[in-house]
Amino acid sequence: MPVTKLNQTVAAVRNELRWPALVTIVAICLLYFLLPEPLTFGPTWLVPALTLLLLIPTAVAHRVGKHNANFVLGIAMLSLVTAGLCWSLGLLISALLAKGLKPDQLLRSAVALWVSNILVFASWYWRLDAGGPHRRATSKKHGDSAFLFPQMTLPQGSPLCEPEWKPEFVDYLFLAFNTSTAFSPTDVPVLDRWAKALMMIQSSISLATVAILAARAVNIL
């Protein structure tokens, strides 16, 4: 590969913001500590500790240019936090039916899981869409994207969109937030089946969590 082209590729990769995804994973770990131990898989610190242990080599792999390793480690890390989220949600539903938690624990846990649901699936969409952040950064087309963001439909040179616009983490966070609140992607059509499946899972988790909050509110009234 010519040196000029290589430098352009490296510059494109560096323009892909990674710190929002890093902060999001740390936030998920902190939210996990809001859960009482009866709702966690093992000790409360176990899932956050394993997540951070995977986060370190994931970040290192990106820094040294091992993009395939970064992708695989990122998938493993998200699989872990997703499993922890689903496990805790199942235990929370059981605790609600058995009345095994105090009201403040129930409400705090439901809110923590609802926010975690948004952050976890925003990370999934960011990690998987169009082959991941590295491929999006080095690609000049939107054809492989599973999500049709409004900016992708605008003609080149439109004043409503910056040149060569590409989605970044905040765009996927907005998508995940809408999916958890409106139970739909709102302004972003979903094109691929894997993305539709993930959105159905996210909406189901959000609906179950909101139902827990509603049930608790009815009991209070």
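Tutor: Start with a crossing: helices H2 and H5 cross in a left-handed way. Left-handed means that the near helix is turned anticlockwise from the far one by less than a right angle; clockwise would be right-handed. H2 covers residues 19-32, and its axis comes within 10 Å of the H5 axis, at roughly 150 degrees. Axes are lines fitted to C-alpha atoms over the stretch in contact, with angles from 0 to 180 degrees between N-to-C directions. H2 and H5 are therefore roughly antiparallel (over 145 degrees; under 35 is roughly parallel, 65 to 115 roughly perpendicular, the rest oblique).

The model is predicted: local features need pLDDT of at least 70, side-chain atom pairs need 80 or more, and totals for chains, interfaces and linings use all residues. Residues are numbered from 1 along each chain as its sequence is written, and side-chain values use heavy atoms, without hydrogens and water.

Which residues touch? From H2 come Ala21, Thr24, Ile25, Ala27, Ile28 and Leu31; from H5 come Ala112, Val115, Ser116, Leu119, Val120, Ser123 and Trp126. Contact means heavy atoms within 4.5 Å. Of these residues, 10 are nonpolar, three polar and no residue is charged.

Now follow H5 itself. H5 runs over residues 103-128, and its 26 residues should span 38 Å at 1.5 Å a residue; the end C-alpha atoms are 38 Å apart, so the two agree. Val111 sits in H5. Val111 is partly exposed because its relative accessibility is 45% (buried is under 20%, exposed over 50%, partly exposed in between, with a 1.4 Å probe and protein chains only). Leu34 lies 77 residues from Val111 in sequence, yet their C-alpha atoms are 9.5 Å apart. Just after H5, Ala130 has a positive phi of about 55 degrees.

Key:
Helix = DSSP H or I, 4+ residues; strand = E, 2+ residues; numbered from the N terminus. Expected span 1.5 Å × (residues − 1). Nonpolar A, V, L, I, M, F, W, Y, C, P; charged D, E, K, R; others polar.
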